[in-house]
Amino acid sequence: MRAGLGRAWRGLLPLLPARSCSYAGAGRRRRLVQPLPPCSWLSTMAQFGTEPRGRPHSPEYRLYFKNAEGKYISPFHDIPLFAGSKEDKEVPAKRSKTNGSEPHQTGLPKKPPPNGAGETVVFNMVVEVPRWSNAKMEIATKELLNPIKQDIKRGKLRYVANIFPHKGYIWNYGALPQTWEDPHHKDKDTGCCGDNDPIDVCEIGTKVHSLGEIVQVKVLGVMALIDEGETDWKIIAISVDDPEAQKIHDIDDVKKHKPGYLEATVEWFRFYKVPDDKPENQFAFNGEFKDKDFAVEIIKSTHEYWKALLHKKADRGAIKCMNVLVHDSPFCCSEEDARLIVQSTPPPVRGDSVSAEVDVWHFLNK
């Protein structure tokens with residue numbers, strides 16, 4: 001129990017004002033189950049840092065991102081989707097669709113396959129909500145440089161309810177950078193348009209990760225939540241550094257090695273809004289999980305929609321596309337412009353305590 005509480009406490013460290021600028025994973029030993037040849041995706045953890053602004057647990061709180069050179073960047077647009085790829089200096093031209101099918105991409109970076117398994121594409125994940133926590137933190141897609149902030153509903157900071165037997169989020173929750181679920185595209189499988197956000201990730205590994213941490217993950221599967229009439233894909237993934245990553249390669253392996261986890265995931269998403277007087281959520285595919293290959297294709301399509309967004313080939317609405325590193329994008333800004341944006345926000349100060357109401361358990365007749 002004490003070890004679990006210690007991990008949860010470390011997951012809250014990015015909220016403390018003492019952490020003015022930290023680099024995720026810097027100085028940590030990385031243990032690999034088997035030797036791997038040198039490759040750049042192993043060092044991605046040390047390439048990005050975070051800087052808090054404003055008061056934690058308040059509407060003004062923001063968590064901005066920096067790269068290893070100290071430049072302020074957008075976690076939405078500047079962090080590469082594919083681990084091992086360098087920060088995008090250009091946006092590849094959007095592939096034209098000749099047959100009306102979903103967009104796709106080729107030539108994806110891969111890491112060596114573990115234990116003889118098939119090739120695995122490794123993605124970067126931005127952690128928005130550490131496991132067991134309740135604050136609904138998210139990439140602010142409609143703000144310049146897209147910092148992480150806490151969602152607000154009905155004028156109040158949003159915390160997800162604890163529905164017995166769960167406490168907060170039951171995975172490390174976050175998003176894949178350089179993806180976008182296009183709200184103007186109706187998915188052929190779900191019959192609903194995208195939710196206008198980067199694609200979501202549930203990381204099911206052992207470790208409780210930190211807010212703003214960049215984690216390299218391999219994809220295992222996906223489920224399709226229908227949230228208030230919008231397609232909201234939920235990628236199931238595991239950190240490549242997790243002790244169990246060498247034996248979990250697809251959604252069936254999750255069922256084998258983590259029995260009950262996927263069922264709990266469906267239950268969590270079905271009921272998590274009910275305590276807020278919302279109806280139960282619905283799912284495509286009758287709530288069944290699709291496999292790794294299906295999930296990777298979904299990610300690739302959302303990456304293509306993001307490219308269109310950065311090329312002004314899609315209606316972005318209120319989405320802010322300012323970036324620092326995607327030089328071929330018309331939204332690319334200077335390092336100085338980015339610095340001025342961050343410095344215009346309130347400086348970091350000590351946060352208030354969170355209301356005990358956040359820890360209340362809700363019991364539902366399911």
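Hi everyone, and thanks for coming. Before the tour, some ground rules. What you see is a predicted model, where local features need pLDDT of at least 70, side-chain atom pairs count only at pLDDT 80 or more, and totals for chains, interfaces and linings use all residues. Residues are numbered from 1 along each chain as its sequence is written, and side-chain values use heavy atoms, with hydrogens and water left out.

Let's start with confidence. pLDDT is the predictor's confidence in each residue, on a scale from 0 to 100. The protein averages 84, and 78% of the residues score at least 70. Where does pLDDT stay under 50? One such stretch is residues 1-43, for which the model has 75 contacts beyond four places in sequence; a contact means heavy atoms within 4.5 Å. Another is residues 87-117, with 78 contacts of that kind. Please keep those two stretches in mind when you look at the picture.

Now the overall build. The protein has five helices and 18 strands. These are DSSP runs, numbered from the N terminus: H or I over at least four residues for helices, E over at least two for strands. Of the 366 residues, 54% count as buried. Buried here is under 20% relative accessible area, exposed is over 50%, and partly exposed lies in between, using a 1.4 Å probe and protein chains only. Among contacts with a separation of 6 or more, 72% come from residues 24 or more positions apart.

On to the strands, with β3 to begin. This strand covers residues 62-67, and six of its six residues are buried, so β3 is largely enclosed by the rest of the structure. Both of its faces are covered: Arg-62, Tyr-64 and Lys-66 lie on one side, with Leu-63, Phe-65 and Asn-67 on the other. What does β3 pair with? Strand β2, residues 48-53, runs antiparallel to β3 and is joined to it by six bridges; for two strands to count as paired, DSSP must find at least two bridges between them. Within that pairing, Pro-52 stands opposite Leu-63. β3 also pairs with β4, residues 72-73, in the antiparallel sense over two bridges, and there Lys-66 has Tyr-72 as its bridge partner. The hairpin of β3 and β4 has four residues between the strands, and Gly-70 in it takes a positive phi near 85°.

Ten of its ten residues are buried, so β6 is largely enclosed by the rest of the structure.

Next, the helices. α4 spans residues 292-310, which is 19 residues, and reaches 27 Å from its first C-alpha to its last, close to the 27 Å expected at 1.5 Å a residue. That expected span is 1.5 Å times one less than the number of residues. Why call α4 enclosed? Because 16 of its 19 residues are buried, the helix is largely enclosed by the rest of the structure. Asp-293 belongs to α4, yet counts as exposed at 53% relative accessibility. At the start of the helix, a side-chain oxygen of Asp-291 comes within 3.3 Å of the backbone nitrogen of Asp-293. Asp-293 also lies 8.7 Å from Val-219, C-alpha to C-alpha, though 74 residues separate them in sequence. Just after α4, Lys-312 takes a positive phi of about 60°.

Helix α3, residues 261-271, is mostly covered too, with eight of its eleven residues buried. Among them are Tyr-261, Trp-268, Phe-269 and Phe-271.

Last stop, the cysteines. How many disulfides are there? The count is zero, taking a disulfide as a pair of cysteine sulfur atoms within 2.5 Å. For Cys-193, the closest cysteine sulfur is that of Cys-192, 7.5 Å away and too far for a bond. Cys-332 is in no disulfide either, with the nearest cysteine sulfur, in Cys-333, 6.2 Å away. Cys-193 is partly exposed at 24%, and Cys-332 is partly exposed at 28%.

That's my tour, and I'm happy to take questions.

Technical notes. A polar contact is a pair of N or O atoms within 3.5 Å; within protein, one must be able to donate a hydrogen and the other to accept it, and residues adjacent in sequence count only if both atoms are side-chain atoms.
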